[in-house]
Amino acid sequence: LLNDPCLFRDEGVSFIDGAFSSSSSSKKPVINPANGQTIALADAAAAEETQKAISAAKRAMPEWAAQTAKARGRVLRKWFELIRQNANDLAIIMTAEQGKPLKEARGEIAYANSFLDWYAEEGRRVSGMVLAPTQTTKRQLVVRQPVGVCAAITPWNFPSAMITRKAAPALAAGCSMVIKPSEATPLSALALAELAKRAGVPDGVLSVVVGDASDIGGVMTSHPDVRKLTFTGSTRVGKLLSEQCASTVKNVTMELGGNAPFLVFDDADVDAAVADAMATKFRNAGQVCTATNRMLVQRGVYNEFIEKLAAKTEAMSVTQGLDAGCDMGPLFDLSAPSKAEEHVADALAKGSELLTGGKRDASKGSDAFYLPTVVSCGDRNVELRAFGEETFGPVANVYRFDDEDAAIAMANNTRMGLSAFCHTRDMSRAWRVGEALEYGMVGLNEGALSDEVIPFGGCKESGLGREGGVFGIEAFLETKLMVFGRI
Ligand code: ADP
């Protein structure tokens, strides 16, 4: 893939109706955030190309949907095999355009591929129902059918997994899909599309349109032939797209922002809590919607927790993602650290204490490097910007609490509801707190939530619907009733 002339041409490309094509508009560079260098151009497709992709998806869908789920599963399985064979190239492409450490990119490719593995099988388990008759002369049958042509808009933080988590169940269900990846990470999306074509996904069933977000999004959300929009990204854009979808009453799935609390009680295993806190905070340089945004620590272990957290944070190897031993790379874009800078400045101005980090370090290769940071906020909380807003960067803000009720109230004091974490050795408390947290996903003495079988998703302003496992295919199915009379 790395030497594929289709992907790395002088002009930026999209993948529409089974072929790479290039729009004539002026293109933006795809920049390696680790060194600021241009690695390719991103296509500048707009309304016309999006319409073309939607028409192709509409044309291609009936034949795809008419195949057996088993036959579609074989194609998805082939796609899975090709991703596995090309995993190293896909990981290098991802690190080059997104910045994450290569070991994380490899992990993401395996995670991305787990959705193909799962849905290649799950498609054949979509079944309907025969209802018990309420009249002797009538029979009622429920069938599940593909929802129709789907549009997907995906972010730059997980450039491959957010595509397969949507495309695998959609294609397994018999839908066709047009994907708009982030302009910052189009190459990972195009590489996946190339492998899908090699696997035998028919032309038009999967297209990738790279270009102007609002032009492409505008067509996707208003086009009458698009029945479903599935989006992963910020709450701000999710609200906008939901509004746009309302005019044609599209089926929508929204995976939006979070503001994850991470509760540590006095009775916790502090070393385990610190290990999970590190993993949930600094993976992908904190640019994860499930990332811990607020560490809430009980008074009795507060000092021990912050000292251990700061020591481990300081010991992290912050280098370019392709370097061996890299624990954390740059943020995804040269201007991305500005939010972390603002949140840290705000917390310090209001009396919080900086324990480590707290600044950019361009000596690592570019302005996109922001050092992993720990801020002790003590008893301050709602007055700090970082308490109410997602930092989406490598800043750990630690807040103190006194008792369980206060911890739950602080944790739920947000409009978001994606993920939450809790460390305690008291299993009754784990159960109570787990139930009380208003979040779609809760990790209890566990920092890793995601895999292909779980229902990934949030409540409140973090989203609508679930992705993954038996839950994720529902989003791509319509329920139809057929009543047989005069029997
Ligand atoms: P993030 O903060 O993760 O970048 P965004 O919500 O800005 O989240 O971006 C997620 C995806 O949404 C990207 O593919 C981006 O291009 C796209 N996007 C941003 N604004 C719009 C818009 N107005 N219409 C359609 N897509 C958009």
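Colleague: Is the crossing of α7 and α8 left-handed or right-handed?

Modeller: A crossing is left-handed if the near helix is turned anticlockwise from the far one by less than a right angle, and right-handed if clockwise. Here α7 passes α8 in a right-handed crossing. Helices are DSSP runs of H or I with at least four residues, strands are runs of E with at least two, and both are numbered from the N terminus.

Colleague: What should I know before reading on?

Modeller: This is a predicted model, where local features need pLDDT of at least 70 and side-chain atom pairs count only at pLDDT 80 or more, while totals for chains, interfaces and linings use all residues. Residues are numbered from 1 along each chain as its sequence is written.

Colleague: At what angle do α7 and α8 pack, and how far apart are their axes?

Modeller: Two packed helices are described by the angle between their axes and the distance between the axes. Axes are lines fitted to C-alpha atoms, for helices over the stretch in contact, and angles run from 0 to 180 degrees between N-to-C directions. For α7 and α8 the angle is about 40°, and the axes are 8 Å apart. So α7 is oblique to α8. Angles under 35 degrees count as roughly parallel, over 145 as roughly antiparallel, 65 to 115 as roughly perpendicular and the rest as oblique.

Colleague: Which residues make that contact?

Modeller: Two residues are in contact if their C-beta atoms, placed from the backbone, lie within 7 Å. α7 brings Gly217, Thr221 and Ser222; α8 brings Leu241, Gln244 and Cys245. Two of these residues are nonpolar, four are polar and none is charged. Ala, Val, Leu, Ile, Met, Phe, Trp, Tyr, Cys and Pro count as nonpolar, Asp, Glu, Lys and Arg as charged, and the others, Gly among them, as polar.

Colleague: Which residues come nearest to the ligand?

Modeller: A residue is near a molecule if its C-beta atom, placed from the backbone, lies within 6 Å of it. There are 16 residues around the ligand, and Ala213, Gly217, Gly233, Ser234 and Val237 come nearest. The elements giving two or more residues to this shell are α7 (213-222) and α8 (235-246). The shell holds seven nonpolar, seven polar and two charged residues.

Colleague: How do α4 and α5 lie against each other?

Modeller: Helix α4 (residues 102-122) packs on helix α5 (residues 161-173) at about 10°, with the axes 8 Å apart. The two are therefore roughly parallel. The contact counts 10 nonpolar, two polar and three charged residues.

Colleague: In what order do the strands of the seven-stranded open sheet run?

Modeller: Two strands pair if DSSP finds at least two bridges between them. The order is β14-β15-β16-β13-β12-β17-β18, with mixed pairing. β14 (353-356) and β18 (441-444) are at the edges with a single partner strand each, so one side of each has no neighbour in the sheet. Neighbouring strands are turned by 20° against each other on average, direction ignored.

Colleague: How many bridges join β12 to β17?

Modeller: Three, and strands β12 (residues 260-264) and β17 (residues 419-423) run parallel. Val264 has His423 in β17 as its bridge partner.

Colleague: Which strands form the three-stranded open sheet?

Modeller: Its order is β5-β6-β20, with antiparallel pairing. β5 (129-131) and β20 (477-484) are the edge strands. β5 pairs with β6 (residues 139-146) over three bridges. Met129 stands opposite Val142 in β6.
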